[in-house]
Amino acid sequence: MQRYIWPTLIAALAALAVAGLMFGSVPVSLASVWRALVEGDASTDGVIVRLIRAPRVVLAILVGAGLAMSGTALQGVLRNALADPYLLGVSGGAAVGAVLAVALGVLAPPLIALAGFAGAIGAVAAVLAVARLARAAADVRVLVLAGLLVGAFANALVMVTLVTAPADAVRGALWWMMGSLGSASWRDVWWTAPLILPAAGLLIHWGRQIDVLALGDDAAASLGVNADRAARRIFLAASLLAAATVVAAGLVGFVGLIVPNLVRRPAGGRHRPTLAAAGLAGATLLLIADLVARTIRAPLEIPLGAVTALMGVPFFFARMRSPT
Amino acid sequence: MIDVRDLAVTYPGTAHRALAGITLSARRGEVTAVVGPNGSGKSTLVRALLGRVPVQAGSISIDAKPLAEWKPLERARRLAVIPQREESAFSLTVREYVGLSRYVHRSSWMGERPEDRTAVQAALQAAGVAELADRRTDAVSGGEWQRARIARALAQATDALVLDEPTTFLDIAHEMAVFELLHDLALGGKAILLVSHQLNLVARFAHRMVLLHEGHVIASGSVGDVMQAAVLERVYAWPVVITRDPAVGAPTLVPLRSGRVRSPGK
């Protein structure tokens with residue numbers, strides 16, 4: 001299994017990326033996709049592929065890879081295969097930040113992203129503070145519970161904000177809460193990529209430290225890793241990744257939870273290959289989810305977050321029966 | 001090479017001192033065993049060597065340099081510690097798991113070098129887990145896991161090795177193999193600091209012993225100095241006699257039934 005994982009993952013990602021360019025409310029042939037991308041033809045199909053579907057596919061890849069790698073890193077640092085940015089309140093915090101910014105009239109995506117990141121960091125700080133109050137900063141169950149609490153609180157904040165917000169902001173906020181790639185443009189790609197790619201690169205750079213941290217704090221210390229500092233750094237980078245995906249695509253749950261668990265064993269278990277495999281598989285999974293979201297009730301689109309939740313919840317239950 | 005002077009540790013939020021000024025050292029070429037009842041401060045001492053407990057007074061030095069002045073990675077090249085408990089959250093092959101300790105010798109993007117492979121293979125063999133190298137860490141028994149952890153510490157290739165109850169879960173043969181291994185490693189020039197509840201095996205294999213009780217050093221010195229019935233009976237709050245191991249002649253502790261308290265030495 002380990003031998004074939006890389007060709008399989010790369011082939012699946014390539015196939016789904018092409019499918020993402022071909023299928024949608026209007027099907028486009030493979031030949032037209034080729035003409036649109038390589039020859040740059042100006043037909044309707046060409047415009048659809050170049051300006052609507054291509055950025056959507058690229059954004060799906062960035063968001064899916066970001067969520068899956070963020071989940072992998074958080075699971076490694078917390079030593080728990082059921083951690084993910086969604087359950088830990090990171091995504092909820094990012095949504096609060098983004099919605100508050102939109103409700104206050106901020107329209108520039110980089111500023112919204114910044115607000116989302118601030119919200120995510122606030123949520124992480126709140127989760128760690130709650131866990132510290134419970135005098136169990138290292139207890140994963142407490143962290144997950146604190147994450148759920150902070151997430152619920154974040155949700156309430158969003159609702160309170162929306163009561164007084166104008167109708168446009170409410171629609172925008174609903175979009176955040178449900179997740180969608182429906183309005184993806186090249187502009188979204190241009191500001192998302194510079195956040196996601198470096199953060200993902202940092203996590204891979206720290207992959208060996210995550211391996212050591214996953215042994216436990218005392219064992220990490222005996223291998224010369226300052227567990228507290230290293231974990232905090234990795235937590236921050238993972239939060240930045242998750243926040244960037246939330247601002248780009250709204251709340252898309254379960255990708256960060258499922259994907260690491262799917263790829264960890266075939267990738268061998270060390271975190272560098274696991275992170276890389278999770279990036280590829282997460283991108284593929286999000287391309288599948290987005291294809292389902294835009295084709296199953298075409299020309300209507302169903303929310304992306306709903307698709308990933310419908311796939312993720314049964315997985316979660318199956319996982320609880322047979323943990324790693 | 002490990003020198004602990006008047007070390008005092010109090011955990012935050014608690015009044016009593018986990019360690020109340022202890023002095024001991026572990027020298028190259030010797031197995032130094034730390035014994036004592038549960039809660040006597042043994043594991044606190046181990047965590048202090050990792051810099052993971054608040055030190056109130058006293059000092060720890062490694063090769064005459066204070067612990068705090070060592071960079072964590074440089075310290076990890078001198079001193080390997082096997083903590084008492086460690087769950088592996090995610091499974092790896094035993095070989096990969098043992099190879100994690102080579103982290104301290106490689107920079108972040110350096111690949112596996114021949115010397116890393118050699119060190120890992122030697123450690124696997126020394127700890128008796130070479131034939132488990134390709135098994136996954138979640139598919140080995142408790143005893144095999146303990147030995148894999150010892151292999152990991154050996155692959156770290158340090159001069160000092162600290163082990164906190166390394167023979168828990170091991171049967172007699174594997175326990176003996178670990179004690180023999182530690183003895184051999186000491187004769188090969190390493191400083192071994194061993195925390196153990198196995199007084200009788202310690203008495204056979206250790207060069208020096210330190211008896212801890214409620215954060216104090218009650219006795220330290222040669223095995224004969226520490227294996228004294230009067231002292232052990234008081235520290236463990238249980239009647240004991242010290243006899244001689246019929247096979248090798250080492251002092252051996254025999255706990256008595258609590259109803260038949262005899263004063264020792266009569």
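Two strands count as paired if DSSP finds at least two bridges between them. Strand 4 (residues 55-62) and strand 5 of chain B run antiparallel and are joined by two bridges. Within this pair, Ser61(B) stands opposite Pro66(B) of strand 5 of chain B. Please keep in mind throughout that this is a predicted model.

These two strands belong to an open sheet of four strands in chain B, with the order 2-1-4-5 and antiparallel pairing. Strand 2 (19-26) and strand 5 (65-66) of chain B each have a single partner strand and stand at the edges, so one side of each has no neighbour in the sheet.

## Chain A: helices throughout

A compact globule of 324 residues would have a radius of gyration near 20 Å, and the 19 Å of chain A agrees with that. The C-alpha atoms of chain A fill a box of roughly 60 × 55 × 35 Å along the principal axes.

Buried residues account for 53% of the 324 residues of chain A. If we take the contacts in chain A between residues at least 6 apart in sequence, 75% of them join residues at least 24 apart.

## A helix crossing in chain A

One helix pair in chain A is worth a visit. The axes of helix 3 (residues 44-78) and helix 12 (residues 255-263) of chain A come within 7 Å and cross at roughly 70°. An angle from 65 to 115 degrees counts as roughly perpendicular, and helix 3 and helix 12 of chain A are therefore roughly perpendicular to each other.

On the side of helix 3 of chain A, the residues that meet helix 12 are Gly64(A), Leu67(A), Ala68(A), Ser70(A), Gly71(A), Thr72(A) and Gln75(A). Helix 12 of chain A brings Val255(A), Gly256(A), Leu257(A), Val259(A) and Pro260(A) to this contact. By class, the contact between these helices has six nonpolar, six polar and no charged residues.

## Chain B: helices and strands

Chain B has nine helices and twelve strands. Its radius of gyration is 19 Å, close to the 18 Å that the globule rule gives for 266 residues, so chain B is as compact as a globular protein of that length. Along its principal axes, the C-alpha trace of chain B spans about 65 × 40 × 35 Å.

In chain B, 41% of the 266 residues are buried. Of the contacts in chain B between residues at least 6 apart in sequence, 64% join residues at least 24 apart.

## The six-stranded sheet of chain B

Chain B also has an open sheet of six strands in the order 6-7-8-3-9-10, with mixed pairing. Strand 6 and strand 10 (216-221) of chain B are at its edges with a single partner strand each, so one side of each is left without a neighbour in the sheet. Neighbouring strands of this sheet are turned by 15° against each other on average, direction ignored.

Strand 7 (residues 160-164) and strand 8 (residues 191-195) of chain B pair in the parallel sense over five bridges. Here Leu161(B) has Ile192(B) in strand 8 of chain B as its bridge partner. Helix 6 (residues 172-187) of chain B packs on the sheet and touches strand 3 (31-35), strand 7 and strand 8 of chain B. The direction of helix 6 makes about 150° with that of strand 8 of chain B.

## A hairpin in chain B

Strand 11 (residues 240-244) and strand 12 (residues 251-255) of chain B form an antiparallel pair over five bridges. Val241(B) stands opposite Val254(B) of strand 12 of chain B. The hairpin of these strands has six residues between them, and Gly249(B) takes a positive phi near 80°.

## Where the chains meet

At the interface, 24 residues of chain B are in contact with 21 residues of chain A. Helix 2 of chain B gives the most, with four residues. The residues on this side of chain B divide into 13 nonpolar, five polar and six charged.

Ala80(B) lies in strand 6 of chain B. Ala80(B) has 24 C-beta neighbours inside 10 Å and therefore counts as buried. Leaving aside its neighbours within four places in sequence, Ala80(B) is in contact with Ser222(A), and also with Ala153(B), Gln156(B), Thr158(B) and Leu161(B).

Conventions. Residues numbered from 1 in each chain as written. Chains lettered and ligands numbered in written order. Predicted model: local features only at pLDDT ≥ 70, side-chain atom pairs only at ≥ 80, totals over all residues. Contact = placed C-beta atoms within 7 Å. Nonpolar A, V, L, I, M, F, W, Y, C, P; charged D, E, K, R; others polar. Axes fitted to C-alpha atoms, helices over the stretch in contact; angles between N-to-C directions. Parallel < 35°, antiparallel > 145°, perpendicular 65-115°, else oblique. Rg over C-alpha atoms; globule rule 2.2 N^0.38 Å. Buried ≥ 20, exposed ≤ 12 C-beta atoms within 10 Å, placed from the backbone.
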